[in-house]
Amino acid sequence: QVQLVESGGGLVQPGGSLRLSCSASGMLFSIGGRGWYRQAPGKQRELVAHITSGGSTNYADSVKGRFTISRDNAKNTVYLQMNSLKPEDTAIYYCNAVTIYGARYWGQGTQVTVSS
């Protein structure tokens, strides 16, 4: 089992920044890729950013150049730095981890609201 806890969401004005954190506990040795997803009201959950155990990253086209995913393996934490936020970035953001056994785990979600 892997437990994920997100933090760092909140209300920010357009053009502002937020940093989300996702701390992992449990069977940490089994964790491979980590990612951030988001789900806006009335929409499907979508991938925002992903980072492999080796540090390779990929991003949704809508956030490229604005968001950065990183991981601190010593702290078992993944971060999502979000800059130049737009109202359309408003969503619940979920942390995700996939283990080497193929199991997928989710955090509880953290609300990000971009509004003036």
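Because the model is predicted, local features are given where pLDDT is at least 70 and side-chain atom pairs count only at pLDDT 80 or more, whereas totals for chains, interfaces and linings use all residues. Residues are numbered from 1 along each chain as its sequence is written, and side-chain values use heavy atoms, with hydrogens and water left out.

**Disulfide**

With a disulfide taken as a pair of cysteine sulfur atoms within 2.5 Å, the count comes to one. This disulfide joins Cys22 to Cys95, with an S to S distance of 1.9 Å, and the link is left-handed, with -85° about the S-S bond. The pair links distant parts of the chain, since Cys22 lies in strand S3 (residues 18-26) and Cys95 in strand S9 (residues 91-99), 73 residues apart. Strands here are DSSP runs of E with at least two residues, numbered from the N terminus. Both Cys22 and Cys95 are buried, a word that stands for under 20% relative accessible area, while exposed stands for over 50% and partly exposed for values in between (1.4 Å probe, protein chains only).

**Salt bridges**

A salt bridge is a side-chain nitrogen of Lys or Arg within 4 Å of a carboxyl oxygen of Asp or Glu, and by this rule the count comes to four. Among them are the pairs in this table.

| Salt bridge | N to O distance |
|---|---|
| Glu46 and Arg38 | 2.7 Å |
| Asp61 and Lys64 | 3.1 Å |
| Arg66 and Asp89 | 2.8 Å |

In the pair of Glu46 and Arg38, which meet through their side chains, Glu46 counts as partly exposed because its relative accessibility is 36%, whereas Arg38, at 6%, counts as buried. Arg38, Glu46, Arg66 and Asp89 are linked in a network of salt bridges. As for Asp61, which forms its salt bridge with Lys64, a relative accessible area of 63% places this residue among the exposed ones.

**Aromatic pair**

Rings of Phe, Tyr and Trp (its six-membered ring) pair if their centres lie within 6.5 Å, and planes under 30 degrees apart count as stacked, over 60 as edge-to-face and the rest as tilted. The structure holds one aromatic pair. Tyr37 and Trp106 form this pair, which is edge-to-face, with 4.9 Å centre to centre and 70° between the planes. Distant parts of the chain are linked here as well, with Tyr37 in strand S4 and Trp106 in strand S10, 69 residues apart. Tyr37 is buried, with a relative accessible area of 16%, while Trp106, at 34% relative accessibility, counts as partly exposed.

With contact meaning heavy atoms within 4.5 Å, and leaving aside its neighbours within four places in sequence, Gly33 is in contact with His50, Ile51, Thr52, Arg71, Asn96, Ala97 and Val98. Gly33 and Ala91 are 58 residues apart in sequence and 22 Å apart in space, C-alpha to C-alpha.

**Surface patch**

Met27, Phe29, Ile100 and Tyr101 form a nonpolar patch on the surface, with about 490 Å² of accessible area together. Patches are made of residues with over 30% relative accessible area and no salt bridge, with like charges joined within 9 Å and nonpolar side chains (Val, Leu, Ile, Met, Phe, Trp, Tyr) within 5 Å. Accessible areas come from the Shrake-Rupley method with a 1.4 Å probe, and for residues only the protein chains shown count as cover.

**Positive phi values**

Most residues other than glycine have a negative phi. Asn76, in the loop between S7 and S8, has a positive phi near 55° and is partly exposed, at 27% relative accessibility. Ser84, found in the loop between S8 and S9, has a positive phi of about 50° although it is not a glycine, and is partly exposed, with a relative accessible area of 40%.

How values were computed
Helices (H or I, at least four residues) and strands (E, at least two) are DSSP runs, numbered from the N terminus.
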